[in-house]
Amino acid sequence: MYKRILLAYDGSDAGQKALLDCQDIAQWSQSELFLIAVMPSAMSFVGLEGGVYDMELEEREKKKHRAVLDDGLRRLGQAGYAARGEVLVGEAVDEITKYARKIEANLIVVGHKHLDSWAARWWRGSISGALIEHAPCSVLVVITH
């Protein structure tokens with residue numbers, strides 16, 4: 001039985017579908033819900049051109065991720081679920097798996113949208129695929145089209 005469910009939430013259509021599926025699972029398993037939004041580390045804002053680190057850009061990104069997280073928490077609250085949430089900073093797969101270990105999650109839920117072109121799939125890579133390889137527990141990947 002899933003007692004602690006971790007949802008990595010990004011506010012996308014796939015993430016919102018995962019949020020809905022997470023609610024269904026939590027309902028039948030009486031689980032604790034944890035919501036996280038993972039913000040890329042500050043170095044990823046510098047860019048390939050070797051630009052200068054921008055503190056304001058990092059703050060804007062942090063506010064954006066906090067707003068996404070708050071939206072997910074609000075949606076869960078409106079559905080009658082209490083959830084804890086946190087914005088994490090770093091590489092998505094690393095942060096998700098670290099947090100899952102920290103809270104002793106039984107299930108990680110992520111959304112995934114199939115990309116149309118092979119080039120888009122190759123360029124973006126698969127967070128959900130990498131997550132399955134490194135997760136300390138089961139992973140539910142909610143697919144949207």
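This is a short walk through the predicted model shown above, from its overall layout to a few individual residues.

Hi everyone, thanks for coming. Let me start with the fold. The chain carries five helices and five strands, and reading along the sequence gives the pattern β-α-β-α-β-α-β-α-α-β. Of the 145 residues in the chain, 39% are buried. If you take contacts between residues at least 6 apart in sequence, 75% of them join residues at least 24 apart.

Now to the interior. In soluble globular proteins, nonpolar side chains tend to be buried together. Here the largest nonpolar core has 18 residues, and L6, I36, I96, Y99 and I108 have the most contacts inside it. Which elements give two or more residues to this core? They are β1 (4-8), β2, α3 (92-103) and β4 (107-113), and α3 gives the most, with six residues. Apart from this core lies another one, of 16 residues, including I5, L35, A37 and L73.

Please click on I36 for a moment. Leaving out residues up to four places away in sequence, I36 touches L6, L7, A8, Y9, L69, E86, L88, I96 and Y99.

Next, my favourite element, helix α2. This helix covers residues 55-78, and its 24 residues reach 34 Å from first C-alpha to last, close to the 34 Å expected at 1.5 Å a residue. Its buried residues are E58, E61, H65, L69, D71, G72, L73 and L76. Just after α2, G80 takes a positive phi of about 95°.

Side chains of opposite charge can pair when their charged atoms come close.

E61 pairs with K64, with the closest N and O atoms 3.5 Å apart; the two are three residues apart in α2, about one turn of the helix. E61 counts as buried because its relative accessibility is 16%, under the 20% cut-off, while K64 is partly exposed at 46%.

R66 pairs with D70, and there the closest N and O atoms are 2.9 Å apart. These two are four residues apart in α2, so about one helical turn separates them. R66 is partly exposed at 35% relative accessibility, and D70 is partly exposed at 37%.

D71 pairs with R74, with a closest N to O distance of 2.4 Å. D71 and R74 are three residues apart in α2, so they too are separated by about one helical turn. D71 counts as buried at 19%, and R74 as partly exposed at 42%. Elsewhere, salt bridges that share partners join R4, E32 and R84 into one network.

S31 sits between α1 (13-29) and β2 (32-39). Buried or exposed? S31 is buried, with a relative accessible area of 14%, and its side chain reaches the backbone oxygen of Y2 at 2.3 Å.

E104 lies in the loop between α3 and β4. Most residues other than glycine have a negative phi. E104 has a positive one, near 55°, and this residue counts as exposed because its relative accessibility is 56%, over the 50% cut-off.

Finally, I132 lies in helix α5 (residues 127-134). I132 touches V139 and V141, again leaving out residues up to four places away in sequence.

How values were computed. Residues are numbered from 1 along each chain as its sequence is written. This is a predicted model: local features need pLDDT of at least 70, side-chain atom pairs count only at pLDDT 80 or more; totals for chains, interfaces and linings use all residues. Side-chain values use heavy atoms; hydrogens and water are left out. The expected span of a helix is 1.5 Å times one less than its number of residues. Buried means under 20% relative accessible area, exposed over 50%, partly exposed in between (1.4 Å probe, protein chains only). Contact means heavy atoms within 4.5 Å. A polar contact is a pair of N or O atoms within 3.5 Å; within protein, one must be able to donate a hydrogen and the other to accept it, and residues adjacent in sequence count only if both atoms are side-chain atoms. A nonpolar core is a set of buried Ala, Val, Leu, Ile, Met, Phe, Trp, Tyr and Cys residues joined through side-chain atoms within 4.5 Å. A salt bridge is a side-chain nitrogen of Lys or Arg within 4 Å of a carboxyl oxygen of Asp or Glu.
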